[in-house]
Amino acid sequence: GLARTSRTPGCTRGLLFYDVDDWMTLVDLPGYGYASRSHTEREGWKKLIEHYLSTRQELAGVLILVDVRRGPEEEESALAEYLESVGLPCAFVLTKADKLKRSQLARQSAAIAKVVAPAIVMPTSSQDGTGIDVVWRWIRAAVETEARGEHDDDAPHEVPDDDAPDEGSHDAAVETAAAGDHGPGATGPGK
């Protein structure tokens, strides 16, 4: 995988940048919705994330990772509403789909989809690979839409049908490859 993960939510404490084949940059943001950290620290992450999202012109979309068994927290739903209001595409990646029976997964995914609409939901599992191709298709559509300079109504609210390569609570921003400067306070590969 691209990044090290932890069993304890809240281990990402800054912005981590990952260049993907000179095609795009994935940015791992702290998952402040469900993290084993103090309220003060989570509020600090919220300010960091909001500043980043409001100042990065290269953003093509945001993936909000949520454990399918718990659904989105209030902060994660509020983030999706904000992103929708500024015309930035977002989708909920429902992690740990392998932990539920098929019927439970269908019910839980449908319930979450109602709460976060118009954002789409994509059940995934890092264990068995479920849904990973769907996430990559969404990313590709978001990057291509940004590269064409289209926004708002052209945001990928659906996952296109084509192929593309290969969890806790994290959010991930997707930037186009043209983003050379990772901004102040950035950490991660190449920093």
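Student: How many aromatic pairs does the model contain by the rule for ring centres?

Tutor: The model is a predicted one. By the rule that centres must lie within 6.5 Å, the count is one aromatic pair.

Student: What parts does the pair tie together?

Tutor: Phe17 belongs to strand S1 (residues 16–20), and Tyr52 belongs to helix H1 (residues 39–55); the pair therefore links parts that are 35 residues apart in sequence.

Student: How do you know whether Phe17 is buried or exposed, and what of Tyr52?

Tutor: The cut-off for buried is under 20% relative accessible area. Phe17 has 1%, so Phe17 is buried. Tyr52 has 4%, so Tyr52 is buried.

Student: Which residues touch the most other members of the largest nonpolar core?

Tutor: That core has 26 residues, and those with the most contacts to other members are Tyr52, Leu53, Val62, Ile64, Leu83, Phe92 and Leu94. At least two residues of this core come from each of strand S2 (24–29), H1, strand S3 (59–67), H2, strand S4 (90–95) and helix H3 (102–116). S3 provides the largest share, four residues.

Student: Where does Glu76 lie, and why is Glu76 called buried or exposed?

Tutor: Glu76 is found in helix H2 (residues 74–85). Its relative accessible area is 2%, and since buried means under 20%, Glu76 is therefore buried.

Student: What makes the approach of the Glu76 and Arg70 side chains a polar contact?

Tutor: A polar contact requires N or O atoms within 3.5 Å, one able to donate a hydrogen and the other to accept it. The side chains of Glu76 and Arg70 make such a contact at 3.3 Å.

Student: What lines the second largest pocket?

Tutor: The second largest pocket holds about 200 Å³ of space. Twelve residues line this pocket, and the closest to its centre are Leu53, Arg56, Leu59, Val86 and Leu88. H1 gives the most to the lining, three residues. By type, the lining comprises five nonpolar, five polar and two charged residues.

Conventions. Residues are numbered from 1 along each chain as its sequence is written. This is a predicted model: local features need pLDDT of at least 70, side-chain atom pairs count only at pLDDT 80 or more; totals for chains, interfaces and linings use all residues. Side-chain values use heavy atoms; hydrogens and water are left out. Rings of Phe, Tyr and Trp (its six-membered ring) pair if their centres lie within 6.5 Å; planes under 30 degrees apart count as stacked, over 60 as edge-to-face and the rest as tilted. Buried means under 20% relative accessible area, exposed over 50%, partly exposed in between (1.4 Å probe, protein chains only). On a 1 Å grid over the protein atoms alone, a cavity is a set of points where a 1.4 Å probe fits but cannot get out, and a pocket is an open set with protein on both sides within 12 Å along at least five of seven lines; lining residues have an atom within 4 Å of a point. Grid points are joined across faces, edges and corners, and a volume is the space filled by probe spheres set on the points. Ala, Val, Leu, Ile, Met, Phe, Trp, Tyr, Cys and Pro count as nonpolar, Asp, Glu, Lys and Arg as charged, and the others, Gly among them, as polar. A nonpolar core is a set of buried Ala, Val, Leu, Ile, Met, Phe, Trp, Tyr and Cys residues joined through side-chain atoms within 4.5 Å.
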